[in-house]
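Hi,

Here's the structure I promised to pass on. Have a look, and then read my notes below.

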Amino acid sequence: MPSEILDVLNPNPDGIYLDCTLGGAGHSLRIGEKLSERGMLIGIDRDTDAINAAKQKLSGLKCKVEIVHGNFSRLDEILNEVGAEKIDGAIFDLGVSSHQIDTAERGFSYMKDAPLDMRMDRTQKTGAFDVINFYDEERLIKIFREYGEEKFSGRIASAIVKARKNSPIKTTGELVRLIENSVPKMKTGGHPAKRIFQAVRIEVNGELEILAGAVTSAVNRLKVGGRIAVITFHSLEDRIIKSTFKNLSTGCICPKNFPVCVCNHKAEIKILGKARTASPEETEKNSRAKSAKLRAAEKIS
């Protein structure tokens, strides 16, 4: 949703903008093209492939560019390191990038046989192989239910535990076949492995547990009038963003029976309308955009 992001942020040519999920640098490039020599673009990504590609892609911009290999959970520390006390805008484009899905050996896709990996940051030790082969059955059921919203979590976890007693489950293809053989054949609802792969990826990368804190940190670093935009791709992410925005946009949180406010809680942001979805033109070109939701807010205090 590149056009929608630009519309929300409405970049100030001399402003400072933070891309918390640099990825293919598509959003950053469009924002950077709107900035002057006095402007600054900061990009964060945990994937070294994305970092290297972004350095080349953004090299022609006239604004100052800072690209940092790291997790957006460290955004306060990163902003301090690059000397950006306050920013004019921030974006989060969540989930796995198209490059990661399309690069078979990264192990993110259930449609391509590859080693079980799914690490966004390949310098970290734990990958999908460890989750599938070393988590006990109850823990597997828990992440399949919570992160994949999979109703056949018990069957699938049981099949995985039984299969790995004979030999480790090493590839995405092996895992897909186990899943397919564990659930009834469905005419609708997509591939049966989709939700399990989502769950394992979220677990490997700790995607949800850091999200609310990172968005709150980004809001705290915004200048008054600055804006934040977040693109989600599934209901779990969207729920967290919706809840975080609601909390940050709420004033007094005292119990209703209190005669006067004693909490002194103030709204920090104003939510900018309802969630936007990708245009028909974009979804026609990119089917992955069909599930995208964009939520935005403006700093008011």
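**Phenylalanines and a helix pair**

Phe72 is buried, with a relative accessible area of 9% (buried means under 20%, exposed over 50%, partly exposed in between, using a 1.4 Å probe and protein chains only). Before you go on: this is a predicted model, where local features need pLDDT of at least 70, side-chain atom pairs count only at pLDDT 80 or more, and totals for chains, interfaces and linings use all residues. Residues are numbered from 1 along each chain as its sequence is written, and side-chain values use heavy atoms, leaving out hydrogens and water.

Phe92 is also buried, at 1% relative accessibility. The ring centres of Phe72 and Phe92 are 5.2 Å apart and their planes sit at 80°, so this pair is edge-to-face (rings of Phe, Tyr and Trp, its six-membered ring, pair if their centres lie within 6.5 Å; planes under 30 degrees apart are stacked, over 60 edge-to-face, the rest tilted).

Phe129 and Phe134 make an edge-to-face pair too, with 6.0 Å between centres and 75° between planes. Here Phe129 is partly exposed at 27%, while Phe134 is exposed at 59%.

Now the helices (DSSP runs of H or I, at least four residues, numbered from the N terminus). How do α7 and α10 pack? Helix α7 (residues 137-148) and helix α10 (residues 194-205) meet at about 105°, with axes 8 Å apart (axes are lines fitted to C-alpha atoms over the stretch in contact; angles run from 0 to 180 degrees between N-to-C directions). That makes α7 and α10 roughly perpendicular (65 to 115 degrees; under 35 is roughly parallel, over 145 roughly antiparallel, the rest oblique).

Cheers

Note on methods
Helix = DSSP H or I, 4+ residues; strand = E, 2+ residues; numbered from the N terminus.
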